[in-house]
Amino acid sequence: MKTVSPALLASFSTITAAFTSRLGGISKAPYTDANLAFHVGDNPEDVVKNHDLLADKLAYNRHSLIHMHQIHSDRIVIVDETLNFDTPPECDALITNRSNTPLMVMSADCTGILIYDPIHKAIGAVHAGRSGALNTILPKTIDAMNQTFGSHKEDLCIVLGPSIGGCCYEINETIASECEEKGYSCALRREDKKLFLDVNTILLMQLKRLGIEKIEVIQECTSCHHERYFSYRADKQHTGRIAGVIILR
Ligand SMILES: [Zn+2]
């Protein structure tokens, strides 16, 4: 399976972190090739096989992987020994300080975010689309890591994975008004009579306000590059999911 390792996290021998692409799996159209989500209509046996390919590549036990039943919320779950691969919690962020417990966030245009605190040895995986970003799920997760593990925000290394860019994410006036009311006008772009939103701009503003500087953004737009990534919009909704994975060794 074809993956990208974010440079910001690659220097730490204490973790493994990667984002998948849609390449190198075994799913059939419209989920070609490397779909990792069970809820999109793909053959479950193919999805399990794709998970096994990824687990082999990143050297973890697939059964210990925790993924999420993502609901565009601001709900955060602290991962403990009660969870496993077959019991994805309903939430949009996972945090843990448990070793050999891979955390996974899935996406197809939304931003998957990986967080590492090298001082307190804690990790997080966050799903932020427009709704999650506007509901401040990322600052809330950072706060939860502080409350739970004592993580200091200035120590955190944060990577925003491949997502739809302001080049392609068209929105309506109602959503644009909500963004303006919440102080995110600079994430909006008007072109002729169309409106576009760049969700990563919102996320980066939130991180900047917290004084967080160790940030990497994987800039590729999933819609522009839907031959390489799943894109809910470019693929007309019938598509698979890529993933971000982080593992504390
Ligand atoms: Zn684009």
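This is a predicted model: local features need pLDDT of at least 70, side-chain atom pairs count only at pLDDT 80 or more; totals for chains, interfaces and linings use all residues.

User: Why are β8 and β12 called a pair?
Analyst: Two strands pair if DSSP finds at least two bridges between them. Strand β8 (residues 157-160) and β12 have three bridges, in the parallel sense, so they pass. (Strands are DSSP runs of E with at least two residues, helices are runs of H or I with at least four, and both are numbered from the N terminus.)

User: What makes β3 and β12 edge strands?
Analyst: Look at the order of this open, six-stranded sheet: β3-β4-β7-β6-β8-β12, with mixed pairing. β3 (76-78) and β12 (215-217) each have a single partner strand, so one side of each has no neighbour in the sheet. Neighbouring strands here are turned by 15 degrees against each other on average, direction ignored.

User: Which strands does helix α4 lie across?
Analyst: Helix α4 (residues 137-149) lies across β3, β4, β6, β7 and β8, and runs at about 160 degrees to β7. Contact means heavy atoms within 4.5 Å. The angle is taken between N-to-C directions, from 0 to 180 degrees, with axes fitted to C-alpha atoms (for helices, over the stretch in contact).

User: What makes C167, C168, C221 and C224 donors of the zinc ion?
Analyst: A donor is an N, O or S atom within 2.8 Å of the metal (3.2 Å for Na, K and Ca), and water isn't among the atoms, so sites may look incomplete. The SG atoms of these four residues lie 2.3 Å from the zinc ion, so they count as donors. In sequence, they're spaced C-C-x52-C-x2-C. C168 is in the loop between β8 and β9 and C224 in the loop between β12 and β13, so this pair ties together parts 56 residues apart in sequence.

User: How do you know what joins R62 and D52?
Analyst: A salt bridge needs a side-chain nitrogen of Lys or Arg within 4 Å of a carboxyl oxygen of Asp or Glu. The closest N and O atoms of R62 and D52 are 3.0 Å apart, so that's a salt bridge. R62 sits in the loop between α2 and β3 and D52 in helix α2, so the pair ties together parts ten residues apart in sequence. The whole structure has ten salt bridges.

User: Is R62 buried or exposed, and why?
Analyst: Buried means under 20% relative accessible area, exposed over 50%, and partly exposed in between (1.4 Å probe, protein chains only). R62 has 13%, so it's buried, while D52 at 27% is partly exposed.

User: What about E173 and R190, where do they lie?
Analyst: E173 lies in helix α5 and R190 in strand β10, so their pair ties together parts 17 residues apart in sequence. Their side chains meet in a salt bridge at 3.4 Å, N to O. E173 is partly exposed at 46%, whereas R190 counts as exposed at 53%.

Note on methods. Residues are numbered from 1 along each chain as its sequence is written. Side-chain values use heavy atoms; hydrogens and water are left out.
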